[in-house]
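Hi everyone, thanks for coming.

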Amino acid sequence: MPANFANDERSGFRQWLDRRSGLDSLLHHALDEPIPGGAKIAYVFGSGLLFLFLSQVITGVFLAMYYVPSADHAHTTVAYITKEVTGGSFLRSIHAYGSSAIIIVLLLHLTQTFLYGSYKGRRELVWLAGCVLLALMLGMAFTGYLLPWDQKAYFATTVGTNILSEVPWVGNALKKLLRGGTEMGTLTLSRFFVLHVFLIPAFIFAFVAMHVYSFRKAGAAGPVGEDPGRPKLPAEPFYPKQLVMDMGFAMLIIVALGFLAYAWPAELGPKADPSDTQFLPRPEWYYIPVFQYLKYWRGSAAVLGILVIPGILGLLLVGLPFFDRSLERRPWKRPISVGLFTIILVGLGGLGFASHREDMRNPGVAAQLKTQQEDTAQFMKTKFEPELSGGSLMSQNAALSNPEATKGKAVFEREGCNACHGDNGIGTSAAPKLVGVGGKYDKPKLQALLRSPTDKMTAGGMTAVELKEDEMKELVSYLDSLN
Amino acid sequence: MSSSPEGQSVSLGRRSFLVGLLAAGSTAVGALLAIPLARFTLHPILSRTTEKSWSDVGNVDEFQNLDAPVKKLVMIEQRDGWRKTVIEKPVYVSKDSKGELIVLSAVCTHLGCAVPWVEKENKFVCPCHLGMFSLDGKLLGGPPPRDMDCLETKVEDGVLKTQYQFFRQLTRDKEELA
């Protein structure tokens, strides 16, 4: 209601503030938005998305307090957040699961808008801004996935960026531009960080403003029977009923996220190892259908599958309010568009299912995925190991000032230990790292383990080491020096 | 939106109740969410970041016939959030009045300058404000409020080890700093 100064019951301060800021009329405008046909649970998804986005912004800003976007430190800092910082695992989990929640609520919001035909009647700009926001959110999910720089982040993004090279003519240039070079590396991480933290969020803020503004300009569309242009049903203001429903939904979201983050904290895998040739990358669940779809396109047909078909589908989605000009909103009277929408949704679900089934049916793949899961669980169990700073007196090779250990290093390499345990014992996917093993076992125990490995070690492919006494001593001394 | 005067007052009454409810609800949820954020932010301030650890000083044999304090550099590991730095710190190995080996921190208890052993004067003399200490670190004169700080020691496999620590300056009693 317009401010009535004749019998103004507001406190002196409220009046003072309102005359200078226009706060009351702003609130009035925000809260008294008329909703034809009254408040409904079906309308909560848009504000739920806004709430989730703000939650991502807040948790993201806090995570940036410890995160360092460089290939050298990213994984260490995320491990530090996850394993050491108080509440770090919880906040990171809220942020990680928040991205999944956004995709889910986005799908619900899109489905509701589509089924209710709420894009009709001069709402093209609302729809277009919404489509841009959908793309931006998918971009946030894609860029954010790389930032922890663990195995799955690295390899999933390698595959994800490789898809770009299928684009005719400019594909390779695009890929190089996004990666900051031909290969994935620290420049890729910097670029993804800038996209994830500065560029895309700025665009999201702008398009949210455009989305909300054009939505308010057109007005709420109301239930499916309502005329989208000239509403006839009695209107109910947004406040209080719809606001309570929206806030209830927001609470539901935060409680669910908090519970998930507390009960099943988001995991972090071992640090990205570009030399690993075994790793099977799998994207986050919402990209699995696309991942599976891309498998069906090989060779010259790839352009059709990767560019033409998604292009047509994207055009259909973006241009929907332009193609579908009728004012009919009831879904049962719009069989073609609703049918097409259902087919696409079911198709995406089917692709996701097919991907899972293929993975489980192939014993090699299933075993490798299981190993990767175990590696992640193992990494999560190990204590956080701070990174030795470059300015330190001690570095990996300074440990070799001990001549016995230097000879041991030669034995280590001659015997091919580094083939599985990696150069300098940093570990590979075939065998665990030996760095820090001296802290776990004393020298006699190390020697005993080398001469007769445990069953678990043997099962992992470790063989008994047979060496002359002095060489064994040198090897043990070298292992002991690795830290 | 109701347009009749009665309708408006009913809706106003219900509104102010709901305003209160929403305000209380969102404050509670906000506070609940603020707790992990605050703990997350305060982590480096509230948790001990540098763990005490034993550093090698040298073989006990080389200190058997000490007649003056010997300067030694010990390697200590300093934690700085997610990274660690290994640096060297000077200490003096000396003997107390009973002839036992002691390790003294070379940090002056006055204002933290590094204290050298002055052979000619047979005592420690701090170059900053001329604080003076005997060969076993006892305060002889000058502005320092207490003796030189003795570090904890142990002998393992014939190696003298010490736990390097920082102490607060300007206090009469030795106060450990985290």
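Predicted model: local features only at pLDDT ≥ 70, side-chain atom pairs only at ≥ 80, totals over all residues.

Residues are numbered from 1 along each chain as its sequence is written, and chains are lettered from A and ligands numbered from 1 in the order in which they are written.

Back to our pair. Strand E3 of chain A, residues 387-388, is joined to E3(B) by two bridges, and the two strands run parallel. Strands here are DSSP runs of E with at least two residues, helices are runs of H or I with at least four, and both are numbered from the N terminus. Two strands pair if DSSP finds at least two bridges between them.

How many residues of chain B are in contact with chain A? There are 24, and they touch 28 residues of chain A; a contact means that C-beta atoms, placed from the backbone, lie within 7 Å. On the chain B side, helix H1 (5-46), strand E2 (70-80) and strand E3 (83-95) each supply at least two residues. H1(B) gives the largest share, twelve residues. By type, that side of chain B divides into eleven nonpolar, six polar and seven charged residues. For this count, Ala, Val, Leu, Ile, Met, Phe, Trp, Tyr, Cys and Pro are nonpolar, Asp, Glu, Lys and Arg are charged, and the others, Gly among them, are polar.

E3(B) pairs with E4(B) in the antiparallel sense over five bridges, with Lys95(B) opposite Leu101(B). The two strands form a hairpin with five residues between them, and Gly99(B) in the turn has a positive phi of about 90°. Is E4(B), residues 101-105, mostly covered or mostly uncovered? Mostly covered: four of its five residues are buried, where buried means 20 or more other C-beta atoms within 10 Å of a residue's own, exposed means 12 or fewer, and partly exposed lies in between, with C-beta atoms placed from the backbone. E4(B) is also joined by two bridges to strand E9 (residues 150-156) of chain B, running antiparallel, and there Leu104(B) has Cys150(B) as its bridge partner.

Chain B has another sheet to look at, an open one of four strands in the order E5-E6-E7-E8, paired antiparallel. E5 (117-118) and E8 (139-141) are the edge strands, each pairing on one side only. Inside, E6(B) and E7(B) pair over two bridges, and Val125(B) stands opposite Met132(B).

Over to chain A, which has 21 helices and three strands. One of the helices, H10 (residues 241-263), has 23 residues and reaches 33 Å from its first C-alpha to its last, close to the 33 Å expected at 1.5 Å a residue; the expected span is 1.5 Å times one less than the number of residues. Buried residues in H10(A) include Met247(A), Ile253(A) and Leu257(A). Of the 483 residues of chain A, 30% count as buried.

Finally, confidence: pLDDT is the predictor's confidence in each residue, from 0 to 100. Chain A has a mean pLDDT of 90, with 96% of its residues at 70 or more. Residues 395-399 of chain A, however, stay under 50.

Methods: Contact = placed C-beta atoms within 7 Å.
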